[in-house]
Amino acid sequence: MPVPARPPVPSRHRAPRRAPTRVLASTLGLAAAAFAGGCGAIVGGGPGSCGDGLWSPPAADLVRTVPTPAGPEVPLRIVGFDRDGAACDAGPADDLVAAVRAGGFTDVYVLCPGWSPSWYSAVGWVDSFAAGVERARTWLPPRPAPAQLPASGPATVPARAYRPLYVGVVWPGDVLVDEFPPPSPTGQQRSLRPDVDRAALTEVLETDADARQLGRIEQALRDRGHAGRVTRLRALLPRAAALTPPEQLELADCLLPLFGDQEEPTAPGPRFAAVGATTATTNPATKPAADRLPRPSRQGLLATEPARVPPLDPAALLAVWKQSVREAAAGVPRPADAAGDDASRARRRGLSVAELVRWAVRAADLRVVKDRACAVGRTGFGDLLARVRRAAGGARVHVVAHSFGAEAALAALSRPADDAPPVDSLLLLSPVVSAWALAPAPPVGPDVAPALQRFARPGRYRPAVAAGVRRSVVVTYSDRDWFAASYAPRALRRPPTDGQAAPADWAAALAAPGETADGFATLGGSGPAGQDPPVTREPLILPAAAPIGPQPYAFTAAAGGDGGKLVAIDASAGVLAHGDANDRNLGCLVANQVGAGE
């Protein structure tokens, strides 16, 4: 008899859902209060640290178990990291590696959530998702007895009966839009209101950022050495609805360090040769890079700039924000603005200054959390995963990641000079990662010298597919996931860095027939783009009842992007919101992906 899913994590351990405060007047008073009080008073490492109350790991309960339908419970271990990827406690990671090395496991599942308001919410998803995978395994056709199984890989160990170990990697991957709550810890799909997408957009446009969101931005600027920009930002936000055009430009300059290149490809543009001509065309290693900055550094004329900033024009960034707000707000009825705002020049042009500022702050917050995920993957999570892969021996390692957790997983599997064996499979659920992050380097345009092609850069996470995963990479996407399909592509927009081709240009050159040519589309909204041959796409299977019969997914297809290794699953029929990442459909998907390699 199937074992029921583990009950939800007790409510006292879960952070309460914040009730959005609708701000219909032309003010951002909450922002002023946050900077004047809560954020400025944060101690213990600030937002996303191991001392952050919502993300502080407990002293115990890091060694857990997962119920199974037909046998004893299987082990589950939790490892926590802070916003920079530093382990909150080295003990759980060391104990995990020792258990993997000595435990005789056949499969190690590494689960990485990335859309949770607290430590306990993230652990609740890991608990329930792991139990769902174990239930779904019983729906598949019977597998051969251990004596009939082939040797399990290059290490050639004797075939063994299935014995799994689950690992939960918890890091501060916060929920950014409250209308889409975190994945349910009960393993069920939740019903949605018909107007949920419009409600989410209303939250973005009409609700001020809260203290935690502003604290993340402030901390990120300080981490990059921009305390001066934090001071200027504090002075601007209390008057957000009344910012003059020069002050709007100053806001863009304050947030500029958070809008550099991320994981999308780049290609030289017509002005590339003129930018850093003394170094860029002779020694690319010395070219100042617009890149994610894990630590502050000093450079520039007389070291007057405390840290690198991307070579972007603040006016161009402001123009991108205005375009995004106009597109997002088109057709959304909103209460009348205050009389003073109605008469402003911006409002006459169809733009509310208050909405512009809210959009800019939330777009910056989105980039902060994405950078946080990248840092976690490059450092602590990447180190842990490499140690697990080396210790696994003949056991297969499977990685499952959701939302921002997908960025952490891809960063962990794309690290240079990582000599650990590849993982067996990677499943990315609704990833808030560029749709082009796995694409090859784009060709330079016809107005660019062909010799500059060597400076084109592929998607940052292409090595994860090419070398980090042995058998299959599966990406789920949904055009009904408003956050990944509609909001994130607009919020992630930025103008091209100086000297680089516009994203629309290289995206058009890489896009296959029928693929989006939006350089800021996400994997979770439209699937992988720019693959040659195009990626294999299949619909999400919605099992009506167990058993479901033969394995329905063609994970070993010969055609498709990266030789058939990369598969995109259109989950639009089952994933209706960004928090939909815990139901029987996805458990069945994991069981099929893992079972296809057995």
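# Notebook: looking around a predicted model

I began with alanine 417, which counts as exposed because its relative accessibility is 83% (exposed means over 50% relative accessible area, buried under 20%, partly exposed in between, with a 1.4 Å probe and protein chains only). Before going on, I noted that this is a predicted model, where local features need pLDDT of at least 70, side-chain atom pairs count only at pLDDT 80 or more, and totals for chains, interfaces and linings use all residues. Residues are numbered from 1 along each chain as its sequence is written, and side-chain values use heavy atoms, with hydrogens and water left out.

**Entry 1: two positive phi values**

I looked at the backbone of alanine 417 next. Its phi is positive, about 60°, although alanine 417 is not a glycine. I found alanine 417 in the loop between α14 (404–413) and β6 (423–429); helices here are DSSP runs of H or I with at least four residues, strands are runs of E with at least two, and both are numbered from the N terminus.

Serine 430 sits in the loop between β6 and α15 (462–468). Is serine 430 buried or exposed? I looked it up: serine 430 is buried, because its relative accessibility is 3%.

**Entry 2: the whole protein**

I then stepped back. I counted 19 helices and 9 strands in the protein. Of its 598 residues, 56% are buried. Among contacts with a separation of 6 or more, 83% are between residues 24 or more positions apart; a contact means heavy atoms within 4.5 Å.

**Entry 3: the cysteines**

How many disulfides does a search of the whole structure find? It finds 1, where a disulfide is a pair of cysteine sulfur atoms within 2.5 Å. The partners are cysteine 50 and cysteine 88, with 2.0 Å from S to S. The pair links distant parts of the chain, 38 residues apart: cysteine 50 is in the loop between α1 (29–36) and β1 (63–66), and cysteine 88 is in the loop between β2 (74–80) and α2 (90–102). I read -85° about the S-S bond, and this link is left-handed.

Cysteine 50 is partly exposed at 24% relative accessibility, and cysteine 88 is partly exposed at 24%. Cysteine 374 is buried at 2%, and cysteine 588 is buried at 0%.

**Entry 4: helices side by side**

Helix α5 (residues 211–223) packs against helix α6 (residues 227–236) at an angle of about 150°, with the axes 7 Å apart (axes are lines fitted to C-alpha atoms, for helices over the stretch in contact, and angles run from 0 to 180 degrees between N-to-C directions). So α5 and α6 are roughly antiparallel to each other, a label for angles over 145 degrees. From α5, the contact uses Ile217, Glu218, Leu221 and Arg222; from α6, it uses Ala227, Val230, Leu233 and Arg234.

I also looked at α12 (353–378) and helix α13 (residues 380–391), which pack at about 35° with their axes 3 Å apart. Here Val376, Gly377 and Arg378 of α12 meet Gly380, Phe381 and Gly382 of α13.

Why is α4 described as largely enclosed by the rest of the structure? Because 9 of the 11 residues of helix α4 (residues 196–206) are buried. Among them are Val196, Ala199, Leu201 and Leu205. The buried residues of α4 pack against α9 (314–329), α12 and α16 (482–491).

**Entry 5: last stops**

A cis peptide bond joins aspartate 532 and proline 533, with omega about 0°. I placed proline 533 in the loop between α18 (523–526) and β8 (536–539).

I finished at arginine 471, in strand β7 (residues 469–477). Arginine 471 is buried, with a relative accessible area of 15%. From arginine 471 to proline 422 is 49 residues in sequence, and 9.0 Å in space, C-alpha to C-alpha.

Technical notes. Angles under 35 degrees count as roughly parallel, over 145 as roughly antiparallel, 65 to 115 as roughly perpendicular and the rest as oblique.
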